Amino acid sequence: MPPDPHGITPSSPSDRPDSPPPEFERPEASDDEAPGPPGLPDPAEEGVEGVEGAEAVTAPLPAAVPETERSERGRSEPERAAWAGALLVALLVPPAAVLAIPDASLNVIASAAQALGLDAGQIPGLARATGLALPALVLCVPVAAVTARRFPARLVLLAGVALLLAGLAAARFADSVAFAGTVRVAQGAGAGIALPASLVVVWERGGRWLSALWAGSLAAALMAAMPLALRAVPVTVTDGTQGDWRRALAPYVWPAALAGAAALACLVARGRRRLPALRHNERGQLVLPLAPAAGFAFLAVATTYGWSPGARLVVAGAAGLALLGLALVGSRDATAGSPLACAVVMVSAGLLAYPLASPLAGLVSAAARAQEAGNAPFAPFAAAGAAALLGAIATVRLSRDGARAAVLAGHGLIVVAVLLGLAVGVGTAPLPLTALLVPLGAGVGVALAASFRDANVGGALFGLSLCFPAVLTGQMLVLSLQAARLELPPPVNEAQQLSGLTGGYRVWLVAAGVTAVLLAAAARWAGNARETAGTARGTAGAAREAAEVRRTPADLRAAVADPGGR
């Protein structure tokens with residue numbers, strides 16, 4: 001049978017909110033058996049109280065609200081509590097995790113060097129240590145994805161948020177480069193554990209609204225994370241000092257605290273639906289990105305030891321191609337794939353959201369300092385985050401064909417944003433920045449939420465495992481392009497340095513526009529290829545069933561008498 005779009009087996013009573021105890025569950029299907037036919041209603045979303053074959057379970061079921069009464073009264077109290085807990089997780093955990101990525105330590109590097117007693121040769125080591133959060137996050141996501149599927153996702157989520165909070169709280173005690181690096185690794189690891197666990201929690205609760213809100217909050221966080229960090233860690237203050245440099249290690253603690261409260265609320269709530277048990281093939285697909293992600297994270301750190309911009313570009317380009325290859329291969333898999341190429345769209349979101357918004361925030365902040373205009377405007381980035389969230393919500397009511405068109409439309413909006421960025425340039429005026437950032441945020445939110453349509457939990461987690469390696473790839477690309485522009489010719493003052501950085505960013509805009517077009521084509525191809533493969537499997541299955549129907553009683557008696565066909 002073809003896979004069910006919601007990743008559950010409707011014909012099994014254990015998937016209903018009022019499922020019997022485990023000892024009365026049916027045996028799990030084999031790895032080759034599909035979960036169920038497409039198009040059947042989701043018991044958790046549609047209020048289906050039973051399906052054909054459920055009468056075979058003779059054990060008494062827990063008390064449940066009858067279907068007619070439930071339709072009149074809506075969700076039960078446990079269901080409402082579980083839905084509210086999952087809603088808080090979807091809105092609060094992704095921003096708290098993404099806020100661990102930005103590294104604003106360069107704004108206070110002189111103060112940090114003075115406080116730690118570092119000479120000029122040791123400053124690159126400090127910058128390297130404070131940038132370890134993203135590589136740590138990249139390594140932890142695939143492992144945490146498997147863990148959240150194997151063990152209760154709510155406990156995994158709580159553990160990840162607790163580790164993130166511990167890293168943020170320990171930042172104020174950093175008194176060495178090694179301590180600073182350890183703190184940042186803990187923050188990245190906590191974020192990498194919390195993100196996949198929060199996604200599983202959302203899938204357990206079910207529903208397009210929650211998955212769209214999770215996608216929108218992730219896209220909004222990718223757009224606004226670096227501007228928020230730069231506002232919390234300015235280069236100078238009114239008295240001419242740089243303040244406590246350790247603030248750059250933990251600019252914001254309260255988002256993680258709110259995420260911890262959401263994780264606790266979700267832990268207390270009941271009423272979730274059961275997802276299919278983790279199987280061997282799903283585990284293999286989820287850990288597939290681990291080895292290339294580990295290698296790329298190692299190279300990303302190694303390239304900071306005096307590698308030329310050209311060598312870093314080669315590494316980043318190879319990593320981008322590898323990620324796209326993994327996404328295309330995984331999209332065709334029954335476990336890691338999805339009808340609308342979620343893995344490819346996750347690569348698009350990682351490669352084109354944060355790596356476009358983060359350097360732009362740095363350039364705008366530098367331009368504001370050069371013009372003595374105070375802090376850089378944050379309103380355009382906030383508007384981009386809001387556009388990402390609203391764009392994701394707008395996809396909830398779309399049909400399958402509408403969602404497929406929305407994936408392409410989201411990439412089109414990203415191309416529009418790139419063209420506007422090339423046209424208006426980089427400056428501190430809020431209106432041109434808003435015109436550039438709002439289409440970018442809306443495009444990422446629309447494409448990401450639409451790609452979740454009918455994806456199972458394995459496909460969503462596989463895509464998430466590729467998203468943050470793509471973030472790291474994009475960061476390496478843009479920083480290498482900017483470094484290359486600074487070398488030809490070397491700047492002699494801040495104005496020339498800002499001009500070189502802006503020139504490198506414009507080259508990245510051109511590359512990002514071309515990449516968006518290629519990724520849109522890859523997403524369309526992957527979706528069509530999966531649909532064609534599913535149709536072929538369905539035709540073959542129908543042919544086998546027809547052959548079984550045509551078998552005569554004599555054939556059946558012969559098969560029973562001689563099962564081996566000897």
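**Helices, rings and buried residues**

Tutor: Helix H6 and helix H11 are roughly antiparallel to each other. This is a predicted model, where local features need pLDDT of at least 70, side-chain atom pairs count only at pLDDT 80 or more, and totals for chains, interfaces and linings use all residues. Residues are numbered from 1 along each chain as its sequence is written, and side-chain values use heavy atoms, leaving out hydrogens and water.

Student: At what angle do helix H6 and helix H11 pack?

Tutor: Helices (H or I, at least four residues) and strands (E, at least two) are DSSP runs, numbered from the N terminus. Axes are lines fitted to C-alpha atoms, for helices over the stretch in contact, with angles from 0 to 180 degrees between N-to-C directions. Under 35 degrees counts as roughly parallel, over 145 as roughly antiparallel, 65 to 115 as roughly perpendicular, and the rest as oblique. H6 (residues 133-150) and H11 (residues 280-287) have axes 8 Å apart, at an angle of about 155°.

Student: Which residues of H11 meet H6?

Tutor: Contact means heavy atoms within 4.5 Å. On the H6 side stand Pro 142, Ala 145, Val 146 and Arg 149. In H11 they meet Glu 282, Arg 283, Leu 286 and Val 287.

Student: How many disulfides does the structure hold?

Tutor: A disulfide is a pair of cysteine sulfur atoms within 2.5 Å. The sulfur of Cys 342 has its closest cysteine sulfur in Cys 467, 9.5 Å away, so the two are too far apart for a bond. The number of disulfides is zero.

Student: Is Cys 467 buried or exposed?

Tutor: Buried means under 20% relative accessible area, exposed over 50%, and partly exposed in between (1.4 Å probe, protein chains only). The relative accessible area of Cys 467 is 0%. Cys 467 is therefore buried.

Student: How many residues of helix H14 are buried?

Tutor: H14 (residues 342-352) is mostly covered. Its buried residues include Cys 342, Met 346 and Gly 350.

Student: What kind of aromatic pair do Trp 203 and Phe 452 form?

Tutor: Rings of Phe, Tyr and Trp (its six-membered ring) pair if their centres lie within 6.5 Å; planes under 30 degrees apart are stacked, over 60 edge-to-face, and the rest tilted. There are three aromatic pairs in the structure. In this one, the centres are 5.3 Å apart and the planes at 85°. The pair is edge-to-face.

Student: How many residues apart are Trp 203 and Phe 452?

Tutor: Trp 203 is in helix H8 (residues 177-205). Phe 452 is in the loop between helix H18 (430-451) and helix H19 (457-486). The pair links distant parts of the chain, 249 residues apart.

Student: Which three residues form one aromatic cluster?

Tutor: Two of them are buried, Trp 203 and Phe 452. The cluster is Trp 203, Phe 452 and Trp 214.

Student: Over which ring does Arg 128 lie?

Tutor: A charge sits over a ring if NZ of Lys or CZ of Arg is within 6 Å of the ring centre and within 35 degrees of the ring normal. Arg 128 is 3.6 Å from the ring centre. The ring belongs to Tyr 305.

Student: Which residues does Ser 358 contact, leaving aside neighbours within four places in sequence?

Tutor: Ser 358 is in helix H15 (residues 354-370). At 6% relative accessibility, Ser 358 counts as buried. Its contacts are Met 226 and Gln 475.
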